[in-house]
Amino acid sequence: MKKKTLLILIPCIILSVLSSCVKDEQIIKPKTAGFVNCHTDSEGYVSVLTDDMGNSYMVSEKGDRMRPDTTYRMVCSYTFQESGSVTIDQMVPTYCGVIGGKLNYRAPEENAFPYKEVMNDPADIELAYAGSGFLNIRLGIKVGSRKSSHEIQVVHVHDTGRVRFRVYHNAAGDEEGYTLNAYLSVPLTEYGLSRGDSIYLSSKGYDKDYDLVMVY
């Protein structure tokens with residue numbers, strides 16, 4: 001039977017794996033990976049990378065050309081050079097996408113979200129934290145192949161006195177073969193949070209359900 005895919009106004013997540021190969025004879029340079037802001041120059045190349053601790057690094061090599069003078073929310077694997085700059089080894093867009101333009105992702109309200117019944121598949125929360133004004137999430141999604149296309153939505157749940165979010169996932173009937181990661185960054189600026197406030201996040205998981213509390 002042919003699978004049905006929902007063609008509705010729900011953004012699709014790109015499922016990706018950050019990986020690298022190092023030959024035995026190479027000198028291993030300091031490397032890290034995580035959620036970052038990538039700032040492009042007037043030609044559209046990423047020229048500055050800023051991590052969630054507020055550190056900024058010049059990018060020493062040109063990569064793919066994107067929109068000029070724009071900030072993108074990404075998950076990057078990058079290597080530190082002796083000069084203090086970095087080279088980007090791999091770059092994966094987050095659900096938030098562009099943050100320096102008008103394409104910023106916003107979590108819809110759960111009580112106005114009409115697809116709860118069809119987006120009830122599990123998703124494991126492997127990592128979640130607040131940083132750089134975002135709720136950053138790494139999900140573990142079981143897929144049948146690397147070409148699988150799943151739908152994921154984080155919604156804002158009305159909860160008086162609390163800022164609460166929930167993950168919804170539609171696997172579209174895909175097989176649960178192995179796990180790939182999906183990355184999301186949900187803007188938090190409109191929720192009136194102050195330092196020390198709590199953020200709540202829940203999800204239906206494969207072996208257990210998640211109900212997490214983080215500090216802003």
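The following dialogue explains how to read several features of this predicted model.

Q: Which conventions apply to the numbering and the confidence of the model?
A: Residues are numbered from 1 along each chain as its sequence is written, and in this predicted model local features need pLDDT of at least 70, side-chain atom pairs count only at pLDDT 80 or more, and totals for chains, interfaces and linings use all residues. Side-chain values use heavy atoms, with hydrogens and water left out.

Q: How many helices and strands does the protein have?
A: Helices (H or I, at least four residues) and strands (E, at least two) are DSSP runs, numbered from the N terminus. The protein has 13 strands and zero helices.

Q: What share of the residues of the protein count as buried?
A: Buried means under 20% relative accessible area, exposed over 50%, and partly exposed in between (1.4 Å probe, protein chains only). Of the 216 residues of the protein, 45% are buried.

Q: Among contacts between residues at least 6 apart in sequence, what percentage join residues at least 24 apart?
A: A contact means heavy atoms within 4.5 Å. In the protein, the percentage for that set is 66%.

Q: Where does a positive phi occur in a residue other than glycine?
A: Most residues other than glycine have a negative phi. In this structure, D69 has a phi near 50°, and S132 has a phi near 60°. D69 lies in the loop between β4 (56-58) and β5 (71-80), whereas S132 lies in the loop between β7 (124-131) and β8 (134-143).

Q: How is the largest pocket to be read, and which residues lie nearest its centre?
A: On a 1 Å grid over the protein atoms alone, a pocket is an open set of points where a 1.4 Å probe fits, with protein on both sides within 12 Å along at least five of seven lines; lining residues have an atom within 4 Å of a point. Here the largest pocket is lined by 15 residues, and T32, A33, G34, F35 and Y129 lie nearest its centre.

Q: Which strands supply the lining of the largest pocket?
A: At least two lining residues come from each of β2 (31-40), β5 and β7. The largest share, five residues, belongs to β2.
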